[in-house]
Amino acid sequence: MAMRRRRLIARRELLGHTQESLAAELGVDLSTVGRWERGAQGLTPGMRPRLAKALKVSATDLAALFASDEKTEAPGDAVRRSQEQWLRVRKAPGARGRELAELAAWLYPAGQRAPGGHVLAGPGWLLPQPIELEQVRLHFTDQTPPVPELPSTAGLLPLNDRGEPYTDYSRAVRDLVRPRLLENRVSYRLLGLRAVDGTLELEFGTTTFFEVFHVKSCLAHEFKAAYLAAQGSVPGWDALPLRQAIGDPFDPRRLVMSPGIVTLTLRRGAGDGHRFVLHERDGDSVADGGSLCSLMPAGEFQPSSVQAVDVRNDFSLWRNIMREYSEEFLANPEHDGNGARAIDYASEEPFASFEQARAAGQLRVWHYGLVADPLTLGPSQRTVAVVDDVEFDRLFGAMTRVNDEGRVVGEGGRADMPFTDEAITRLEPRLSPGSLSLLRMAWRDRHLLLG
């Protein structure tokens, strides 16, 4: 005989519901609520989001309320079950491909999706055509506002080994996933965005990587749990209370944002012999985005050290991009914030060579604006660097094929791919949503970028 689901009953009573009032709110028979609480009946997929809303719990917590009470779990069993369930949701089918991001995009109206529908873009976020990097104006403030308050994320986190709920997603990833790269560093926090007369104005303060990572990861985890509960369908908003509480995903007053920089690097060759660099991220090394191909370089928008002078010294999109080239293309030690001094970009290599190439017009950088990943709502800046072939070989002739985050994907024994419509189409299933979107835009604007 099935035992009563005491946690379900306790939750109903905590909210002041009787069996009759809960049945009336849900539009079901009184006997149905009774069978749920006796453990004699489970939930249909369509009822899960409705009951979760009525009980004011997440999809993950609802599953816990329906767990069997046939035996009392030992503390170790509860921890193990909690962590296994959390890992199962985190590794949901499709979590390492574009499937879930594409489904999450359907939650938003067509007007909030970038061309192709793979990523989101708010008002003024994505420019109709790229502008040169010099036309992007950055403003920095020391008066960073508090992080927006959001509903509790406790239901999206597992128990730690002491049997207590984790309070931060990064800590759970560190302990249970153990990626090789997961560090908390100062990041630039987006506070405002404005496109004016062919320029883009961005205002920033500061935040930390973990502060942003926690919110992005909880949003993704909530969606994955709801996706599994809906048996692979696009979940309704009722099953996504955290995402629903944020509301406008483009408002930095509602969501802490640190837009990293993704750069499509084009090697401009003779005729149509243009090529681009592609990178496959190692899922065992990085905290997110593993096993997808993305454009290279890509990185967080962060200062090179935690020193106050460097927060301003490194407040430059171009300097951030140069550091990523140094790390990802040339395998130089990461400028990870642990250095004791500021970088002298004018005289230190390889930065001096990058500066010279750009000053000579052999390396040009363009900016498309910002897009947001539908699954995490994390924004990123979309840029394109066009490098003349001779200069590319001089700067990057020693380019590494493998780095700390993954490996370079090439064609025909080379460390790059042909920049053609056919190549982009063939690579499409392997590309991250943002990389596919940027490649398509760059191909559309190839005559402007490469002319």
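Biologist: Where does Pro350 sit?

Modeller: Pro350 is in the loop between α12 and α13. Keep in mind that this is a predicted model.

Biologist: And what kind of peptide bond joins Glu349 and Pro350?

Modeller: A cis one, with omega at about 5 degrees. As background, most peptide bonds are trans, and most residues other than glycine have a negative phi.

Biologist: OK, phi then. Which residue has a positive phi although it is not a glycine?

Modeller: Ala331 does, at about 60 degrees. Ala331 also lies in the loop between α12 and α13.

Biologist: Where's Pro297, and what is the bond from Met296 to it like?

Modeller: Pro297 is in the loop between β8 and β9 (298-299). The peptide bond from Met296 to Pro297 is cis, with omega near 10 degrees.

Biologist: What about α13 and α14, how do their axes lie?

Modeller: The axes of α13 and helix α14 (residues 389-396) come within 11 Å and cross at roughly 170 degrees. That makes α13 roughly antiparallel to α14. On the α13 side the contact uses Ser353, Phe354 and Ala357, and on the α14 side Glu391, Arg394, Leu395 and Phe396. Those residues split into four nonpolar, one polar and two charged.

Biologist: New topic: sheets. What order do the strands have in the four-stranded one?

Modeller: The order is β8-β7-β13-β12, in an open sheet with antiparallel pairing. β8 (293-295) and β12 (402-403) are at the edges, and each has a single partner strand, so one side of each is left without a neighbour in the sheet.

Biologist: How many bridges join β7 to β8?

Modeller: Three, and the two strands run antiparallel, with β7 spanning residues 278-281. To find a pair by eye, look for Glu280, which stands opposite Cys293 in β8.

Biologist: And the three-stranded sheet, what's its order and pairing?

Modeller: That open sheet goes β2-β4-β3, and its pairing is mixed. The edges are β2 (136-140) and β3 (186-196); each has a single partner strand, so one side of each has no neighbour in the sheet. On average, neighbouring strands are turned by 30 degrees against each other, ignoring direction.

Biologist: How do β3 and β4 pair?

Modeller: They pair in the antiparallel sense over ten bridges, with β4 at residues 199-208. Arg194 stands opposite Glu201 in β4.

Biologist: Which helix packs on that sheet?

Modeller: Helix α9 (residues 209-229) does, touching β3 and β4, and its direction makes about 100 degrees with that of β4.

Biologist: Last one. How many salt bridges does the structure hold?

Modeller: The structure holds 26 salt bridges. One example is Arg80 with Asp77, where the closest N and O atoms are 2.7 Å apart.

Biologist: Where are Arg80 and Asp77 in relation to each other along the helix?

Modeller: Both are in helix α6 (residues 75-90), and being three residues apart, they are separated by about one helical turn.

Note on methods
Residues are numbered from 1 along each chain as its sequence is written. This is a predicted model: local features need pLDDT of at least 70, side-chain atom pairs count only at pLDDT 80 or more; totals for chains, interfaces and linings use all residues. Side-chain values use heavy atoms; hydrogens and water are left out. Two strands pair if DSSP finds at least two bridges between them. Axes are lines fitted to C-alpha atoms, for helices over the stretch in contact, and angles run from 0 to 180 degrees between N-to-C directions. Contact means heavy atoms within 4.5 Å. A salt bridge is a side-chain nitrogen of Lys or Arg within 4 Å of a carboxyl oxygen of Asp or Glu. Angles under 35 degrees count as roughly parallel, over 145 as roughly antiparallel, 65 to 115 as roughly perpendicular and the rest as oblique. Ala, Val, Leu, Ile, Met, Phe, Trp, Tyr, Cys and Pro count as nonpolar, Asp, Glu, Lys and Arg as charged, and the others, Gly among them, as polar.
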